[in-house]
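User: I'd like to learn how to read a structure like this one. Could you take me through some features step by step?

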Amino acid sequence: MRGNYSRSPRAILILLVSSALVALVTWFAPGLSAASLNLLFRLRGPLPAPTDVTIVAIDDESLRRIGQWPWPRSVIADALDRLTEAGAGGVGLDIIYAEPTNAEEDQRLAASIARSGRVVLPAQLYETFSANSAPAINWLRPLPAIARAARALGHAHVAPGVDGMARSVQLSKADDRGDRLWAFGMEVVRVAEGIGDADLEERAGLLRFGGHRVPVLDEEVRDSIPGVLFVRPNETIINYAGPTRSFAHYSMADLLEGKIPSAALAGRIVLIGATAPSLGDTRVAPFMHFSAGGEQGGQEMPGVEIHANLIHTIRGRLSLRSLPEEGAFLLAIVVILCAMLTVRWLDGWRQVGLLALLLLAILAGSFLAFSRYHIIPPLVPMLTGFGVVVPLLLNRALAASRELDRKLAALVSSQQGFLTSAEGEDVSRQPSSALELPRSLAWKLRAVDDLTTRLVARMSFIDRILSSMGEGVLVSDLTGRILFANQEAMRIFGCRESDVIGAWFDQFLIERGRLEPTAARDAIGGALSGRVAQLEFEVALAEPQYYSLLLSALVAQPDTAIGVVALISDISRRVEMDRLKTETLQLVSHELRTPLTSIRGLSDVLLKFPVAEEQSREMIDTIHAESVRLGEMLNRYLDLTRLESGAQALQLAPVPCGRLIDDCIHNLSVPAAERRIRLHAEVPPTIPPLQADGLLLRQAVSNLLGNAIKYSPPDTDVTIAAELQSGAVAIHVRDQGFGVPPEARDKIFQKFYRLERDASSPVVGAGLGLPLVKEIAERHGGRVTLQNGPAGGSIFTLYLPLSV
Ligand code: ADP
């Protein structure tokens, strides 16, 4: 708002100055207006060839054939007679017969004029000087006898304008005594059309006679050049039909010799006048141009043709009108306002386009007004008004340029100290005052170049940091859309840039990170209000990965959050360590403590009390069995941990399946026999050897077989069968034992898990056998499954690919 207020006085000033300029140019350089009118005439071109006026010319050809000027008056009398014969509608004889020659010749001419009855003769004002009185202006008229014979006298003055061009004619002129004559051309029209004085009326700005309405300029002062004043009342502007020789044109000699077709004369207005350059009656007219090629229009226009043009203008209703000065000024103001608004409100191609349209509208409108409506447009005031655009544009360009300098400097100084600055001048220096001229375009380009280089370097530096970070980074805006994700973040969530950019932040975390919706939304809300929030989530891949999510506000200025930044770090190792710690704690606190307690209790009794031989033997057996169990448990746990940690490499070698199974059965034959379990092996000889770690594989199969023995009632069968199943060897261990309830199927492969049934039974176990089997199978690229046996019991199957 303030900007607008401060700008309006300047706008008013520009308006005032430009209006003053318009007035100055229009009043003090009338030549420009005259030139613009010429331009309009040329642009419009000639009117359709006029047919109502015929010129009989006293031209070079006539002078050659009839003789030197002046001719005897009988020659013109003959010519008039021929015109009378041909039935000319009106005759304008543009020669002043003011001085007598011989009476016979004068008589002869007067008679011919009288015979015609339609002849108009010219008169001219001239100044007489005498020694004792002021100069007087009087009419120079034809001889009284000739003048009386004529139907009318008209003044034949054609006064040039400021640029020496005959553009207008005064419709009436008077001498010092107030004796007034109408213009020669006008009188010819009146005679030809029989319009008497009664049918003539003078109004403000208009002269009406018969059906003709001729606009007249009422202003006393029309043109002025410094020091010279043109006073020409009652003037009308001629609408020239074209350049010299636009009218039907015949030589006087041809008329006298009867060579002019009577169709060219009958009913027409005929003007007789001098056109030979040697007779000197010529004026400069608007269509005239001086071109090297001597094209049409290169000649001055004879006076008689100017009268013809006036007649044509009157009869063809072609009179030109110019706008009143206030109207012209108003139009110029409109143009100035349009130009100012365009420069003020538009930019770039729109501005150029609209200015071009404005110019086009001025030119096309002017042309149309002139050619179609015979109005002389105020082209010069309008173009001067349009010219205001130039300083306006310059002013705007300078202001924009200075503003650009300021912004560049501010931008450069905001980057300072971060990266090394470019060599050379100090770009960050602010312009010292509003009057200081803006810097050059080359300077600006250099500064932008320098800045771009620095910004690009800085951006790629930040980009490198973000992409080489071990942590994932996600940034969302205030609306909750994700704006940025670094490479690590996309890797963590297993997605591409197109999946993440633009996604809703909370939705993304809930879906991809499987976060609890309220927790996720609370954390984002908390971060926006300035509280750092931390969440943990798991991405379920082949190996589950654990991450921590640290959410904090993205701040633009202190206390203004513009988004949320999430830092995602991999905490899988820490989670694994925690798990190990828990496991170890479980092992020590529970699994190891029970046997240890019994060992300590029994050994205490043995040490402190006398115990009978047989009893002590029993106690020592128990102590031994418990310590063996303790040792085995520790070994299994360590085996498992070693395998899980990847510290133990597989010793791969071909392992024949039959041998492996036989060995296991053999090793477990004693406990089987103790529990009266019958062991069977079903291994077809076609089974190829497995590429595996023999020791580990034996451990796995022995565990399954051992469990089958342990968890089966006496007098049952346990079968180990091997078969080929789509590129893998399946080893089934079937028992007829107690089975595993469906809800515990998955759990029995977890560490330390034992069925309630077995944990409280005397069957020894630590819940580490099946996890070890599972780990061994997976290390070999295989798996272990559990199914119900057809007649109760369980079937554990170990699938091992033929090649690892
Ligand atoms: P344990 O040392 O207790 O045998 P395992 O990991 O080998 O540990 O077995 C886990 C639990 O699974 C056992 O305690 C038992 O409850 C159950 N189990 C394992 N094998 C069988 C089976 N063949 N029949 C019934 N239950 C079984």
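Analyst: Happy to. Let's begin with burial: a residue counts as buried when its relative accessible area is under 20%, and as exposed when that area is over 50%. Keep in mind that this is a predicted model.

User: Which residues are buried in helix 12?

Analyst: They are L379, V380, P381, M382, T384, G385 and F386. Helix 12, which spans residues 379-386, is thus mostly covered, with seven of its eight residues buried.

User: And S401, is that buried or exposed?

Analyst: S401 has a relative accessibility of 17%, so it counts as buried. This serine is found in helix 13, residues 389-415. Setting aside residues up to four places away in sequence, S401 touches P438, R439 and K444.

User: How should I think about a nonpolar core?

Analyst: The general idea is that nonpolar side chains tend to be buried together in soluble globular proteins. Here, the largest nonpolar core has 64 residues, and M186, L207, F209, Y240 and L271 are those with the most contacts inside it. Take L207 as a case: beyond its neighbours within four places in sequence, L207 is in contact with L171, W182, M186, L200, E201, E202, H212, R213, V214 and V216. Another core, of 55 residues, lies apart from that one, and its members include M633, L668, V729 and L770.

User: Now helix pairs. At what angle do helix 19 and helix 20 cross?

Analyst: Helix 19 (residues 572-608) and helix 20 (residues 613-645) cross at roughly 165°, and their axes come within 8 Å. An angle over 145 degrees counts as roughly antiparallel, and helix 19 and helix 20 are therefore roughly antiparallel to each other. Helix 19 passes helix 20 in a left-handed crossing. Sorted by class, the contact of helix 19 with helix 20 has 16 nonpolar, seven polar and five charged residues.

User: Which residues make the contact between helix 23 and helix 25?

Analyst: Let's start with the geometry. The axes of helix 23 (residues 694-710) and helix 25 (residues 769-779) come within 9 Å and cross at roughly 145°. That crossing is left-handed. On the helix 23 side, the contact is made by L696, L697, Q699, A700, N703, L704 and N707, while helix 25 brings G769, L770, L772, V773 and I776. By class, the contact of helix 23 with helix 25 has eight nonpolar, four polar and no charged residues.

User: What should I look for in the backbone?

Analyst: As a rule, most peptide bonds are trans, and most residues other than glycine have a negative phi. In this model, a cis peptide bond joins W69 and P70, with omega about -5°. P70 is found in the loop between helix 3 (60-66) and helix 4 (73-86).

User: Which loop holds R676, and what is its phi?

Analyst: R676 is found in the loop between helix 22 (669-674) and strand 27 (677-682), and its phi is near 55°, a positive value. R676 is partly exposed, with a relative accessible area of 48%. S726 also has a positive phi, of about 35°, although it is not a glycine. S726 is found in the loop between strand 29 (716-725) and strand 30 (728-734), and it is exposed, at a relative accessible area of 81%.

How values were computed. Residues numbered from 1 in each chain as written. Predicted model: local features only at pLDDT ≥ 70, side-chain atom pairs only at ≥ 80, totals over all residues. Heavy atoms only, no water. Axes fitted to C-alpha atoms, helices over the stretch in contact; angles between N-to-C directions. Helix = DSSP H or I, 4+ residues; strand = E, 2+ residues; numbered from the N terminus. Parallel < 35°, antiparallel > 145°, perpendicular 65-115°, else oblique. Left-handed = near helix turned anticlockwise from the far one by under 90°. Nonpolar A, V, L, I, M, F, W, Y, C, P; charged D, E, K, R; others polar. Core = buried A, V, L, I, M, F, W, Y, C linked by side-chain atoms within 4.5 Å. Buried < 20%, exposed > 50% of the residue type's maximum accessible area, 1.4 Å probe, protein only. Contact = heavy atoms within 4.5 Å.
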